[in-house]
Amino acid sequence: FNNKEITYDDLKANGAEVLIISNAWSDGTHVSGVNWEFSDDEIAAIKKYVGEGHGLIVTAGTLSVEPGGVENNMKLSPLLGVDETSDTYWNDHSDRNFNINYKKHHLFDNMDDYYGLSYTLSDLKLLDGDLLAESVDETSMITGHHYLEGNTIHFTGAPEYYGSYHNDRQAFYNALVWTTNKFEDTNINVRLKDLDVDKLIRKDT
């Protein structure tokens with residue numbers, strides 16, 4: 001869909017299990033003739049498609065609001081569980097070593113640690129997403145979120161970049177696998193009605 005207006009019908013017809021928005025950082029100011037800033041209609045289409053149970057992976061400068069960036073893309077934030085008001089900056093540098101907060105998350109399958117590229121989107125604030133991993137200098141992060149029935153992963157770095165490290169590529173592969181699955185709320189709400197508590201308690205006489 002590069003440089004093509006995205007519609008919900010297009011996404012539905014394509015039938016992709018996972019949408020990938022890879023480093024969509026420029027509105028055409030820095031790269032002539034290339035505008036990766038999504039319109040409101042495109043964002044609405046993406047939200048609808050993901051909400052129905054399809055996955056989404058977003059990377060790098062896609063949420064960059066610096067001059068020449070893609071400020072409207074911040075409206076994708078609810079999909080990712082991050083703060084839409086974040087004053088972000090693309091192509092910053094972070095420490096390459098990460099602390100993994102959820103080692104049992106499937107994003108880190110077949111991985112003992114995480115060591116990534118130093119290029120990152122910085123100053124992104126978390127809202128209700130899960131901080132799965134964060135660089136030791138707290139500049140770069142990986143977040144996971146559920147948007148309605150869809151699973152989403154956001155890398156502020158660029159694990160799909162051709163010069164990335166082995167565990168970058170492993171994490172990106174794992175993200176593809178995890179986001180393919182629909183989110184199912186397994187929380188069970190139990191309602192107690194007309195329950196005689198006294199009969200459930202053994203009273204010694």
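This is a working chat about the predicted model shown above.

Me: What is the mean pLDDT of the protein?
Reply: The mean pLDDT of this predicted model is 87, and 88% of the residues reach 70 or more. Among the elements, S3 has the lowest mean value, at 87, whereas S8 has the highest, at 98.

Me: And where does pLDDT stay under 50?
Reply: That happens over residues 188-193, and for this stretch the model has 0 contacts beyond four places in sequence.

Me: OK, on to the fold. In what order do the strands of the open sheet come?
Reply: The open sheet is formed by 6 strands in the order S1-S2-S8-S7-S6-S4, with mixed pairing. Strand S1 (18-22) and strand S4 (98-100) are the edge strands, each pairing on one side only. On average, and with direction ignored, neighbouring strands of this sheet are turned by 15° against each other.

Me: How many bridges join S4 to S6?
Reply: There are 3 bridges between S4 and strand S6 (residues 130-135), and the two strands run antiparallel. Asn 99 stands opposite Glu 134 in S6.

Me: Which strands does helix H2 touch?
Reply: Helix H2 (residues 40-51) packs on the sheet and touches S1, strand S2 (55-59), S7 and S8, with its direction making about 140° with that of S1. Helix H4 (residues 166-180) lies across S1, S2, S7 and S8, and runs at about 160° to S8.

Me: Switching to the inside: how many residues has the largest nonpolar core?
Reply: It has 29 residues, and those with the most contacts inside it are Leu 19, Ile 21, Ile 46, Leu 56, Leu 63, Leu 76 and Leu 79. At least two residues of this core come from each of helix H1 (8-14), S1, H2, S2, helix H3 (77-80) and S7, and the largest share, 5 residues, comes from H2.

Me: What does Leu 79 touch?
Reply: Leaving out residues up to four places away in sequence, Leu 79 touches Ile 46, Lys 47, Val 50, Leu 56, His 145, Tyr 147 and Thr 152. Another core, of 17 residues, lies apart from the largest one, and Phe 108, Met 111, Tyr 114 and Leu 132 are among its members.

Me: Now charges. How many salt bridges does the structure hold?
Reply: It holds 3 salt bridges. In one of them, Lys 12 pairs with Glu 52, the closest N and O atoms being 3.6 Å apart. This pair links distant parts of the chain, with Lys 12 in helix H1 and Glu 52 in the loop between H2 and S2, 40 residues apart.

Me: Which side chain meets Lys 75?
Reply: Lys 75 meets Asp 40 in a salt bridge, at 2.9 Å from N to O. Because Lys 75 lies in the loop between S2 and H3 while Asp 40 is in helix H2, the pair ties together parts that are 35 residues apart in sequence.

Me: And what does Glu 149 meet?
Reply: Glu 149 and Lys 182 meet in a salt bridge at 3.3 Å, N to O. Glu 149 lies in the loop between S7 and S8 and Lys 182 in the segment after H4, so this pair ties together parts that are 33 residues apart in sequence.

Me: Last topic, backbone: what is the phi of Leu 148?
Reply: Leu 148 has a positive phi of about 55°, although it is not a glycine. Leu 148 lies in the loop between strand S7 (141-147) and strand S8 (150-155).

Me: Is Leu 148 buried or exposed?
Reply: Leu 148 is exposed, because its relative accessible area is 61% and the cut-off for exposed is over 50%. Asn 91, in strand S3 (residues 89-93), also has a positive phi, near 75°, and is partly exposed at 37% relative accessible area.

Note on methods:
Residues are numbered from 1 along each chain as its sequence is written. This is a predicted model: local features need pLDDT of at least 70, side-chain atom pairs count only at pLDDT 80 or more; totals for chains, interfaces and linings use all residues. Side-chain values use heavy atoms; hydrogens and water are left out. Helices (H or I, at least four residues) and strands (E, at least two) are DSSP runs, numbered from the N terminus. Buried means under 20% relative accessible area, exposed over 50%, partly exposed in between (1.4 Å probe, protein chains only). pLDDT is the predictor's confidence in each residue, from 0 to 100. Contact means heavy atoms within 4.5 Å. Two strands pair if DSSP finds at least two bridges between them. Axes are lines fitted to C-alpha atoms, for helices over the stretch in contact, and angles run from 0 to 180 degrees between N-to-C directions. A nonpolar core is a set of buried Ala, Val, Leu, Ile, Met, Phe, Trp, Tyr and Cys residues joined through side-chain atoms within 4.5 Å. A salt bridge is a side-chain nitrogen of Lys or Arg within 4 Å of a carboxyl oxygen of Asp or Glu.
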